[in-house]
Amino acid sequence: MKPFSNIFLEYKIEGMKKILKLILLIGWMGLIFYMSSCNGEASSAMSSGLLKTIAQFIGISDIDSFIRNYSFLIRKTAHFSEYAVLGFLVYIDRKEYIKYRYLLISFVLSAGYAASDELHQLFVSERSFALMDIFIDSCGALTGIVLIHLITVYAAKRKNFKVRN
């Protein structure tokens, strides 16, 4: 039997982990909200800056053409990626609290945030509501959720296998 102090310490550490997960989730949601609050010009400047850095890194001479050709791809990949991270964070935060259907609930929460993010953009200068972005964001969230779920299932099976041997 463990001493009371060890049990208390484990309980305190678990509580701190829960708080850290929630802080990461809220922080990421805040970052998404902030990026959606940037007007169209600032958003385009961020995408162009990233593309310019990539073009210089890989040695492309016609940077303007590269930016024109790949701007759409970079912007949509950013949508997908930021929501993959959100789906991942929602999953790891909610899994402890919801015993059943946490995959579905994680997806619904992430896709709901994507829809609210697009609605928010209606009120931002030079930005607009786009159903395609909600779809891309939701696909990203689903990808993040499925990946973390597969990782946790694999890790649990590995742990059980080691315990039995």
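1. Helix H2 covers residues 40–58, and its 19 residues should span 27 Å at 1.5 Å a residue; the end C-alpha atoms are 27 Å apart, which agrees. The expected span of a helix is taken as 1.5 Å times one less than its number of residues. Helices (H or I, at least four residues) and strands (E, at least two) are DSSP runs, numbered from the N terminus.

2. The model is a predicted one, in which local features need pLDDT of at least 70 and side-chain atom pairs count only at pLDDT 80 or more, whereas totals for chains, interfaces and linings use all residues. Residues are numbered from 1 along each chain as its sequence is written, and side-chain values use heavy atoms, with hydrogens and water left out.

3. Which residues of H2 are buried? They are Gly40, Ser43, Ser47, Leu51 and Ala55. These residues cover an arc of only 105° around the axis, which puts them on the same side of H2. The arc is that of the directions from the helix axis to the C-beta atoms. Buried means under 20% relative accessible area, exposed over 50%, and partly exposed in between (1.4 Å probe, protein chains only). An α-helix has 3.6 residues a turn, so residues three or four places apart point the same way.

4. The buried residues of H2 pack against helix H3, residues 63–94; contact here means heavy atoms within 4.5 Å. Glu41 and Phe57 are exposed residues on the face of H2 turned away from its buried side.

5. Both ends of H2 deserve a comment. At its start, a side-chain oxygen of asparagine 39 comes to within 3.2 Å of the backbone nitrogen of glutamate 41. A polar contact is a pair of N or O atoms within 3.5 Å; within protein, one must be able to donate a hydrogen and the other to accept it, and residues adjacent in sequence count only if both atoms are side-chain atoms. Just after H2, glycine 59 adopts a positive phi of about 80°.

6. The protein chain as a whole has five helices and zero strands. Of its 165 residues, 30% are buried. Among contacts between residues at least 6 apart in sequence, 69% join residues at least 24 apart.

7. The largest pocket holds about 450 Å³ of space. Its lining comprises 20 residues, and the closest to its centre are Ser43, Ser47, Arg75, Ala78 and His79. Helix H1 (4–37), H2, H3 and helix H4 (102–121) each supply at least two lining residues, with the largest share, seven residues, coming from H3. On a 1 Å grid over the protein atoms alone, a pocket is an open set of points where a 1.4 Å probe fits, with protein on both sides within 12 Å along at least five of seven lines; lining residues have an atom within 4 Å of a point.

8. Glutamate 82 is found in helix H3 and is buried, with a relative accessible area of 12%. Leaving out residues up to four places away in sequence, glutamate 82 touches Trp28, Ile32 and Met35.

9. Lysine 21, in helix H1, is partly exposed, with a relative accessible area of 22%. Apart from residues up to four places away in sequence, lysine 21 touches Ile92, Asp93 and Glu96.

10. Setting aside neighbours within four places in sequence, histidine 149 is in contact with Tyr91, Tyr102 and Leu103.

11. Where is glutamate 126 found? Glutamate 126 belongs to the loop between H4 and helix H5 (131–164). Its phi is near 65°, a positive value in a residue other than glycine, and glutamate 126 is exposed, with a relative accessible area of 55%. Most residues other than glycine have a negative phi.

Conventions: Grid points are joined across faces, edges and corners, and a volume is the space filled by probe spheres set on the points.
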